[in-house]
Amino acid sequence: MSEAVIIVAAGRGTRAGGERPKQWQDLAGRPVLAHTVAAFRGAERLLVVLHPEDMDAGLALFGGSVTLVAGGASRTESVRNALEVLAGSGVETVLIHDGARPLVPADLIDRVRAALIEGPAAAPALAVSDALWRGDAGLVAGVQDRAGLYRAQTPQGFHFEPILAAYRAHPGEAADDVEIARAAGLPVTIVAGAEDNLKITWPEDFDRAAAILRARKGAQMDVRLGNGYDVHAFCEGDHVVLCGVKVPHSKGLLGHSDADVGMHALTDAIYGALAEGDIGRHFPPSDPQWKGAASWIFLDHAVKLAASKGYRLANCDITLICERPKIGPHALDMAAELARIMGCDPTRVSVKATTSERLGFTGREEGIAAIATATLIGG
Ligand code: MG
């Protein structure tokens with residue numbers, strides 16, 4: 001079914017403390033709202049409802065990846081605005097979610113979606129487990145039976161046309177979308193909510209949310225190591241290109257491309273960490289379009305392939321093995337150039353060199369060898 005997601009983040013709530021509304025405050029290095037939107041990554045249509053004053057901030061944070069909608073004076077008005085944006089678009093179902101619930105688990109969202117196959121409305125909730133009291137002036141004034149009581153969460157999901165009609169028929173305010181759906185006679189299925197799906201409301205909720213994120217990250221972190229090895233023979237020439245840096249020399253390096261043995265070894269290390277073969281698999285030497293191609297194209301491809309699989313470079317270490325040219329004076333430039341190509345900090349890149357004590361082909365100065373290791377972190 002064609003689905004839209006509406007994230008409501010136009011509120012100005014101040015109970016959470018801080019100078020900015022809670023959805024714009026930092027949670028583990030990025031705004032709460034960025035986490036919320038990320039939880040729905042992959043949605044066909046994603047609308048984020050913002051306070052009119054926050055539209056520029058929204059554009060800066062999300063670019064064109066979401067549709068920004070100006071909110072109204074209340075949550076009900078904000079949702080109504082977003083539903084009207086979707087009117088006539090052919091959307092069949094809509095999930096409406098609080099911007100201040102950044103940790104909504106994917107399986108909870110799937111439960112809401114699954115329930116919408118069977119009925120017109122569904123929402124997650126948790127049965128109340130604590131005893132409930134009524135209080136008056138700091139004293140317990142009575143006990144409330146908790147049987148059949150639930151704590152409502154979001155996303156609340158609906159077939160689109162019925163919820164649009166329900167909103168159009170509901171002139172006033174409502175606690176949430178379920179209330180409006182029920183006012184229109186829609187049956188709302190309860191699906192299991194999740195304790196992690198907390199709504200950030202109080203200052204201490206930020207610490208709790210950050211702890212949940214840390215636990216998830218620890219459980220998901222995936223560290224991968226790869227190695228690469230390459231050799232190129234010397235030929236006639238007056239320079240070599242090593243790790244992207246042109247180094248004057250009495251010889252050149254023979255190769256299909258620019259023969260950058262260091263960059264090739266590093267690229268193969270990244271492919272290796274991904275279990276994605278080597279340069280030859282992605283850029284077959286038999287294909288004339290890669291003849292003479294600059295090696296940064298290969299490295300750039302490997303890094304982007306890693307990113308597309310959810311990995312980033314933690315560090316890499318390259319050792320060039322040759323008697324000459326001397327690498328030391330160029331090593332920092334080489335690390336900086338590799339870091340530039342890979343889009344990472346130069347402190348994550350090590351380039352060093354050794355000789356082979358005049359033994360073997362590198363010792364006889366017949367060519368240069370390079371070995372590289374790369375660590376990728378995913379999750
Ligand atoms: Mg090579």
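Predicted model: local features only at pLDDT ≥ 70, side-chain atom pairs only at ≥ 80, totals over all residues.
Colleague: Which residue of β6 is the bridge partner of Ile7?

Modeller: Within β6, the partner of Ile7 is His97.

Colleague: How many residues of β6 are buried?

Modeller: β6 spans residues 93-98. Thr93, Leu95 and His97 point one way, while Val94, Ile96 and Asp98 point the other way. Both sets are buried.

Colleague: Which residue in β11 is the bridge partner of Ile96?

Modeller: Strand β11 (residues 156-159) runs antiparallel to β6, with four bridges. Ile96 has its β11 partner in Gln156.

Colleague: What spacing do the donors of the magnesium ion follow along the chain?

Modeller: The ion is coordinated by Asp230 (OD), His232 (NE2) and His264 (ND1), at 2.1 to 2.3 Å. Along the chain, these donors follow D-x1-H-x31-H. His232 sits in strand β13 (residues 222-236) and His264 in helix α8 (residues 261-273). That pair links distant parts of the chain, the two being 32 residues apart.

Colleague: Are His232 and His264 buried or exposed?

Modeller: Both histidines coordinate the magnesium ion, His232 through NE2 and His264 through ND1. His232 and His264 are both buried.

Colleague: Why does Glu276 count as buried?

Modeller: Glu276 lies in the loop between α8 and α9 (279-282). Buried means under 20% relative accessible area. Glu276 counts as buried because its relative accessibility is 16%.

Colleague: Which side chain does a polar contact of 3.2 Å join to Glu276?

Modeller: Beyond its neighbours within four places in sequence, Glu276 is in contact with Tyr271, Arg281, His282, Leu305 and Lys309. The polar contact of 3.2 Å is between the side chains of Glu276 and Lys309.

Terms used
Residues numbered from 1 in each chain as written. Heavy atoms only, no water. Donors = N, O, S within 2.8 Å, 3.2 Å for Na, K, Ca; no water. Buried < 20%, exposed > 50% of the residue type's maximum accessible area, 1.4 Å probe, protein only. Polar contact = N/O pair within 3.5 Å; in protein donor to acceptor, adjacent residues only side chain to side chain. Contact = heavy atoms within 4.5 Å. Pairing = 2+ DSSP bridges.
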